[in-house]
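Here is a friendly briefing to read alongside the structure. Please keep the viewer open as you go through the points.

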Amino acid sequence: MALFKLPLSGDVVQWINPVTWFANGNQISTNVYLGESSSPETEAEILDRVGTYGRQLGQIADAMIVLLRHLPDRENLPRKESDVIKVFEKMANDIADIKEKHKRQAVRP
């Protein structure tokens with residue numbers, strides 16, 4: 001992996017492997033897989049067949065929101081655990097804002 005540094009930016013590291021080109025009808029798509037993975041082939045297939053990181057994150061957030069709605073005695077959680085849920089809900093609301101901006105269905109906490 002090459003290390004690339006810009007002035008005043010600190011380390012900038014980007015690992016790209018593999019870059020896959022394929023034709024899909026009249027459309028040409030590119031998949032770029034970033035980051036080190038213990039199994040890049042598995043990760044590439046998940047991204048190709050299941051969904052992008054954004055899609056996966058959105059679906060996980062939606063499922064967590066449903067579970068949190070049914071969490072009994074949520075107000076009795078310790079402060080640290082309650083704060084973790086608040087941070088998650090902020091992220092989920094940010095995701096929902098972006099989905100709605102792009103006219104996508106969004107689930108909110």
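## Salt bridges and helix packing

Asp62 and Lys99 form a salt bridge, with 3.4 Å between the closest N and O atoms. This pair joins distant parts of the chain, since Asp62 sits in helix H2 and Lys99 in helix H3, 37 residues apart. Please bear in mind that the model is predicted.

- Glu89 forms a salt bridge with Arg74, and their closest N and O atoms are 2.4 Å apart.
- Here too, distant parts of the chain are linked: Glu89 belongs to helix H3, Arg74 to the loop between H2 and H3, and 15 residues separate them.
- Glu89 is buried, because its relative accessible area of 16% falls under the 20% cut-off.
- Arg74 is partly exposed, with a relative accessible area of 26%.

**The network around Glu100**

- Arg108 and Glu100 form a salt bridge in which the closest N and O atoms are 2.8 Å apart.
- Both residues also take part in a network of salt bridges that links Asp97, Glu100 and Arg108.
- Arg108 counts as partly exposed at 27% relative accessibility.
- Glu100 likewise counts as partly exposed, at 40% relative accessibility.

**How H2 meets H3**

- Two packed helices are described by the angle between their axes and the distance between the axes.
- Helix H2 covers residues 53-69, and helix H3 covers residues 79-101.
- The axes of H2 and H3 come within 10 Å and cross at roughly 125 degrees.
- The crossing in which H2 passes H3 is left-handed.
- To connect this with the opening pair, look again at Asp62 in H2 and Lys99 in H3, which form a salt bridge.

- Which residues make the nonpolar surface patch of about 290 Å²? They are Ile60, Met64 and Leu67.
- Ile60 lies in helix H2, the helix that also holds Asp62.
- Is Ile60 buried or exposed? Ile60 counts as exposed, because its relative accessibility is 51% and the cut-off for exposed is over 50%.

Notes:
Residues numbered from 1 in each chain as written. Predicted model: local features only at pLDDT ≥ 70, side-chain atom pairs only at ≥ 80, totals over all residues. Heavy atoms only, no water. Patch = residues over 30% accessible without salt bridge, like charges linked within 9 Å, V, L, I, M, F, W, Y side chains within 5 Å. Areas by Shrake-Rupley, 256 points an atom, 1.4 Å probe, with all protein chains shown as cover. Salt bridge = Lys/Arg side-chain N within 4 Å of Asp/Glu carboxyl O. Helix = DSSP H or I, 4+ residues; strand = E, 2+ residues; numbered from the N terminus. Buried < 20%, exposed > 50% of the residue type's maximum accessible area, 1.4 Å probe, protein only. Axes fitted to C-alpha atoms, helices over the stretch in contact; angles between N-to-C directions. Left-handed = near helix turned anticlockwise from the far one by under 90°.
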